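Here's a quick briefing to read with the sequence and the 3D view side by side. Take a look at both, then work through the points below.

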Amino acid sequence: MRKIFRITKNVLTFGLTESIMNMKWMEVYVVARTGRPKSENPKKTLIGLKLTEEEAARLREYASKHDMTITQVLQKGIDMQYAMEKPLSS
C-alpha cells in the first residue's frame with residue numbers, strides 16, 4: 001500500500017490505496033492558511049538604485065545612526081522632497 005495526498009481548494013485529503021482504481025479515503029482535514037495577513041496597501045513595486053561605495057556607506061551609516069532601515073530612510077527622503085515643493089500658482 002502507498003499513501004496518497006491530494007490538495008484541492010484548501011482541503012487536504014489523506015488516503016491509502018493498493019491501486020489507483022481501488023482508492024479508499026480515510027480522513028479529510030481543512031488546512032488553515034498560514035503566513036502574514038494581507039496588507040490593505042501592499043508594496044509590490046521594486047525600484048533599483050545604483051550608488052557609489054561612498055554613497056552606500058553614508059546611507060547605511062545614516063540608517064544605522066537613526067535606527068531606521070534603508071527603505072525607511074529613502075521613503076522619508078521622498079516625503080521630504082514632496083513637502084519642500086512649492087505649490088504651483090495658477
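Of the 90 residues in the protein chain, 10% count as buried, where buried means under 20% relative accessible area, exposed means over 50%, and partly exposed is in between (1.4 Å probe, protein chains only). Keep in mind that this is a predicted model, where local features need pLDDT of at least 70, side-chain atom pairs count only at pLDDT 80 or more, and totals for chains, interfaces and linings use all residues. Residues are numbered from 1 along each chain as its sequence is written, and side-chain values use heavy atoms, with hydrogens and water left out.

**Overall layout**
- The protein chain has two helices and three strands; these are DSSP runs numbered from the N terminus (helices: H or I, at least four residues; strands: E, at least two).
- Take the contacts (heavy atoms within 4.5 Å) between residues at least 6 apart in sequence: 4% of them join residues at least 24 apart.

**How the helices meet**
- H1 and helix H2 (residues 70-84) pack at an angle of about 95°, with their axes 9 Å apart; the axes are lines fitted to C-alpha atoms, for helices over the stretch in contact, and angles run from 0 to 180 degrees between N-to-C directions.
- That angle makes H1 roughly perpendicular to H2, a label used for 65 to 115 degrees (under 35 is roughly parallel, over 145 roughly antiparallel, the rest oblique).
- Leu59, Arg60, Tyr62 and Ala63 in H1 meet Ile70, Val73, Leu74 and Lys76 in H2.

**Leucine 59**
- Leucine 59 lies in helix H1 and counts as buried, at 15% relative accessibility.
- Setting aside neighbours within four places in sequence, leucine 59 is in contact with Leu51, Ile70, Val73 and Leu74.
- Leucine 59 and isoleucine 70 are eleven residues apart along the chain, and their C-alpha atoms are separated by 6.9 Å.

**Leucine 51**
- Leucine 51 sits in the loop between strand S3 (22-30) and helix H1 (53-65).
- With a relative accessible area of 38%, leucine 51 is partly exposed.

**Aspartate 67**
- You'll find aspartate 67 in the loop between H1 and H2, and it counts as exposed at 74% relative accessibility.
- Phi of aspartate 67 is near 55°, a positive value in a residue other than glycine.
- For context, most residues other than glycine have a negative phi.
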